[in-house]
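Colleague: I am new to reading structures. Could you walk me through a few features, starting with how helices pack?

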Amino acid sequence: MTSYTIPRMHVREHTVDVPLDWEAPGESISLFARELVDPTRKDEELPVLLYLQGGPGGKGPRPVSASGWIGQALKTHRVVLMDQRGTGRSTPVSGRRMAAMTAAEGAAYLAHFRADSIVADAEHLRKAVFGGKRWSTLGQSYGGFLTLTYLSKANDGLSACYVTGGLASIDPSAAEVYRRTYPRVAAKNREFYRRYPHNVERVGRLADRLAADDVRLPDGDRLTVRRLQSLGIDFGMQPGYERIHWLLDEAFDGDELSDTFLGQVQAQSSYLGNPLFAALQESIYGSGDGATGWAAEAERARRPEFAEDARPLLFTGEMMYPWMFEEIRGLRPFRGAVELLAQRPSWPDLYDHERLAANDVPVAAAVYFDDMYVDSGLQLDTARRVGNVQAWVTNEYEHDGLGSDRVFERLTELVAAIGGGIRDN
């Protein structure tokens, strides 16, 4: 085990082997987790908090300071930052790995990287490394989806759960998610252009150039209008409007598109660092019978305001489309596999309705009312149907509100008020 100290955090690194397929163990993959503790308390018996990263396809944070929620949690807990399978140092799924497989092999492989497998990994880590004592979890975004699966399948391992922007619908439907989120994305576009009205003309001019000319990014990919639109995924974060505004500010160098702009667009839309985010975006909603069927693409076809020739041009959000796996170099090796995943007729169930209704593990959830990615209406429906959930509804924060010093503190107060969350047993 590797251990070292960085400012205000002592770090221990853990690597364990887990089965690729928990239902039929055979091939193994590595699972990596980084444990943080206050250096002055590194030999103390402390409760453990597992951070469930957003995603899908999200690796654990690489902290550079004991600030924000991590700093708060280290006052009372050991904090575990797990690289979810397929990410970071947990046998990462790369284009190189996918290129060595057939489409069918790739689809079968990727199907083992969903919430049920991640929860099984976490339970193995809890028992093998942390002595099997109950721990609490903090689930950000997709981490909230994982929390609900955890409560469905292994709630006896949990002492308390904190969720930020991630109470998934327990009746998973990619089609329903996108039916609700496209209007929210349109609203974010209206706010962006209200703040920066001169960008209406600039974005239109940019889209016209991309439609007329063969513009190439530094890696050789063509920059299309629809790839430009996909940058709107940042509108649900703070300060996403400003990041896009300043990106557009340097779009042109005279009559040509600037190298600065093209380089930044490539970096923000290549998915080289997290290809599973794109590859599994719709598969996380697969549960029971029914294919996800490229739900975001189907819903977009019903919304002409998002057309490439519409003006003002609307940016899209957290939607993945079939064309991405043709046009984006880093995603091409996933093309055949994700097509088969989209057509898959049935999936293992992610949530146990009866077990969730009877849940007695304290859960506190921040529901961001204007969340662009996880519909607040669906979140509140889940809060009503899952036992022992306290929902804090707020419009003060965007989806990344956990970055505020207040959000985690507020959730721990809610759980502590009913006598849970600090002492694990």
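Colleague: How are H6 and H9 oriented to each other?

Modeller: Angles under 35 degrees count as roughly parallel, over 145 as roughly antiparallel, 65 to 115 as roughly perpendicular and the rest as oblique. Here helix H6 (residues 174-195) and helix H9 (residues 240-249) pack at about 55 degrees, with axes 11 Å apart, and are therefore oblique. This is a predicted model, where local features need pLDDT of at least 70 and side-chain atom pairs pLDDT 80 or more, while totals for chains, interfaces and linings use all residues. Residues are numbered from 1 along each chain as its sequence is written, and side-chain values use heavy atoms, leaving out hydrogens and water.

Colleague: Which residues of H6 and H9 meet?

Modeller: Contact means heavy atoms within 4.5 Å. Lys188, Glu191, Phe192 and Arg195 in H6 meet Tyr241, Glu242, Ile244, His245 and Leu248 in H9. These residues divide into four nonpolar, one polar and four charged.

Colleague: How do I read aromatic pairs?

Modeller: A pair of aromatic rings is described by the distance of the centres and the angle of the planes. Rings of Phe, Tyr and Trp (its six-membered ring) pair if their centres lie within 6.5 Å; planes under 30 degrees apart are stacked, over 60 edge-to-face and the rest tilted. Of the 20 aromatic pairs in the structure, one is Tyr109 with Phe113, tilted at 5.0 Å and 55 degrees. Phe192 and Phe315 pair edge-to-face, at 6.2 Å and 90 degrees. Phe192 lies in H6 and Phe315 in the loop between H12 and H13, so their pair ties together parts 123 residues apart in sequence.

Methods
Axes fitted to C-alpha atoms, helices over the stretch in contact; angles between N-to-C directions. Helix = DSSP H or I, 4+ residues; strand = E, 2+ residues; numbered from the N terminus. Nonpolar A, V, L, I, M, F, W, Y, C, P; charged D, E, K, R; others polar.
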